[in-house]
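Reader: Hi! Could you walk me through this model? Please start with the sheet.

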Amino acid sequence: MAKPKIALYWASSCGGCDVAVLDTNEKILDIAGVADIVFWPIAIDFKYHHVEAMEDGAIDLCLFNGAVRSSEQEKIAKLLRAKSKVVVAFGACACFGGIPALGNFTNRAEIFQRAYIEAPSNANADGTFPQTLTRVSEGELELPEFFDTVLTLAQVVDVEYFVPGCPPPVDIILKVVDFFATGRLPPAGSVIASDKTLCDECQRIKEEKKITRLYRPHEIIPDPKRCLLEQGIICCGPATRGGCGLRCIEANMPCRGCFGPPPGVIDQGAKLVSAIASIYQGDSEEEIARMVGEVLDPAGTFYRFGLADSILKRKHCQQP
Amino acid sequence: MSFEPKIVGILCNWCSYAGADLAGISRKKFSPNVRVVRVMCSGRVDPTFVLKAFEAGADGVIVCGCHPGECHYAEGNYKAARRIPLLKKMLAQLGIEDERVRLEWVSASEGDRFAAVVDEMTAQIRRLGPFSRNNGGGNG
């Protein structure tokens with residue numbers, strides 16, 4: 001029997017998910033032993049036209065990391081979907097938009113203005129912006145179109161599995177490979193992580209959730225044994241899926257929410273608003289105003305990885 | 001066609017729903033723009049409900065509960081009193097105008113007040129215009 005074919009792709013991402021695959025260390029050789037890697041832009045020199053030349057469904061497993069924020073990424077997502085039997089949204093960006101989806105607080109015009117005009121390192125006296133088509137004497141030059149809104153992979157193509165995390169931890173990557181190698185695939189649509197919240201899995205001492213002040217992580221040295229939220233640090237654990245191996249918590253840092261919402265939660269940010277507001281002690285208008293003031297950036301904190309996948313999906317811009 | 005705001009009213013069972021009911025049985029004349037959803041307590045109002053209302057086409061959301069100190073469950077309305085302002089701060093960052101989400105205390109005897117609040121909010125949202133979900137978010 002021919003070895004199964006695996007493709008890996010990065011769209012709007014930092015490359016950390018690809019590094020996470022390499023973090024499997026010597027196990028990467030096991031992966032290469034059970035499967036042929038037919039496309040992996042960061043590591044192997046295959047081109048788009050090699051993928052285009054394949055038959056539909058020729059790739060058995062596609063691990064797609066990164067959000068979709070350009071026409072090129074959208075095109076490759078659709079191409080890989082057609083050529084792959086199983087597509088996995090790999091990492092927080094592909095699953096929920098991730099850090100790139102913070103771009104949904106703005107839009108293309110504002111981003112271009114900042115990047116090509118206002119940024120102090122620019123020398124762009126002519127006010128040139130990237131164009132999708134430029135005519136030069138040698139012919140035409142094309143660039144992908146930059147989207148106003150960052151999309152999750154599942155907003156562009158059908159996705160079989162979701163592997164969250166920024167980046168996905170090695171044990172989950174190996175679990176995916178193992179599911180695949182042994183043919184024990186979970187039902188389509190599954191999120192391959194825990195079905196509990198991070199708080200459920202967290203081993204810290206939890207007493208009564210009552211706080212009277214919120215601290216930013218640099219304002220306090222937290223007790224490494226006690227619940228971070230009870231110490232007044234905003235931790236996204238109550239509304240974040242577990243299975244991450246508690247990497248941040250063990251480094252004495254609060255959860256930032258990269259595993260996305262747990263089962264049953266539609267909107268991670270709304271649930272975090274609910275959680276933080278519920279445990280804050282204070283009923284007077286002054287105390288409530290103080291709490292609201294202490295959460296400096298609620299949308300950026302509660303939708304740090306999930307804005308593209310939230311109910312509102314992006315900032316609501318005034319129409320010109 | 002003139003714009004008629006759609007407002008979702010999430011009202012607590014013990015005070016505000018009874019207040020809205022009183023406005024009705026007193027034959028108060030007020031804007032028919034609020035669609036009422038009854039919940040047991042304003043503390044039951046998950047911020048997700050507010051977002052879902054906008055997703056489903058609402059132009060505004062009003063949450064009403066018992067006055068502070070009068071909650072049937074002792075402190076549910078204090079939870080709403082903390083959640084809604086924090087939610088509003090987050091919604092402001094997402095470009096949603098302040099007037100589109102409102103928290104009000106309405107007791108069972110305040111039918112007049114309920115009618116006045118609804119009239120005021122309807123007028124404000126009529127000025128703001130419809131909430132369209134994907135405003136500014138097109139790809140193309």
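Author: Happy to! In chain A, five parallel strands make an open sheet, ordered S2-S1-S3-S5-S9. Strands here are DSSP runs of E with at least two residues, helices are runs of H or I with at least four, and both are numbered from the N terminus. Two strands pair if DSSP finds at least two bridges between them.

Reader: Which are the edge strands?

Author: Strand S2 (36-39) and strand S9 (161-163) of chain A, each of which pairs on one side only. From one strand to the next, the twist averages 30°, with axes fitted to C-alpha atoms and angles running from 0 to 180 degrees between N-to-C directions.

Reader: How many bridges join S1 to S2 in chain A?

Author: Three, between strand S1 (residues 5-10) and S2(A), and the two run parallel. A:Ile6 has A:Ile37 in S2(A) as its bridge partner.

Reader: Before I go on, what sort of model is this, and how is the numbering done?

Author: It is a predicted model: local features need pLDDT of at least 70 and side-chain atom pairs count only at pLDDT 80 or more, while totals for chains, interfaces and linings use all residues. Residues are numbered from 1 along each chain as its sequence is written, and chains are lettered from A and ligands numbered from 1 in the order in which they are written.

Reader: Thanks! How many helices and strands does chain A have?

Author: Chain A has 12 helices and nine strands. Of its 320 residues, 43% count as buried, meaning that 20 or more other C-beta atoms lie within 10 Å of a residue's own; exposed means 12 or fewer, partly exposed is in between, and C-beta atoms are placed from the backbone.

Reader: Is A:Gln131 buried or exposed?

Author: Exposed, because A:Gln131 has 11 C-beta neighbours inside 10 Å. A:Gln131 sits in the loop between helix H6 (108-118) and strand S6 (133-136) of chain A.

Reader: New topic: how many residues of chain A are in contact with chain B?

Author: 32 residues of chain A, which meet 26 residues of chain B; contact means C-beta atoms, placed from the backbone, within 7 Å. H10(A) gives the most to that side of chain A, with eight residues.

Reader: And what classes are on that side of chain A?

Author: The side touching chain B has 18 nonpolar, seven polar and seven charged residues. Nonpolar covers Ala, Val, Leu, Ile, Met, Phe, Trp, Tyr, Cys and Pro; charged covers Asp, Glu, Lys and Arg; the others, Gly among them, are polar.

Key
Contact = placed C-beta atoms within 7 Å.
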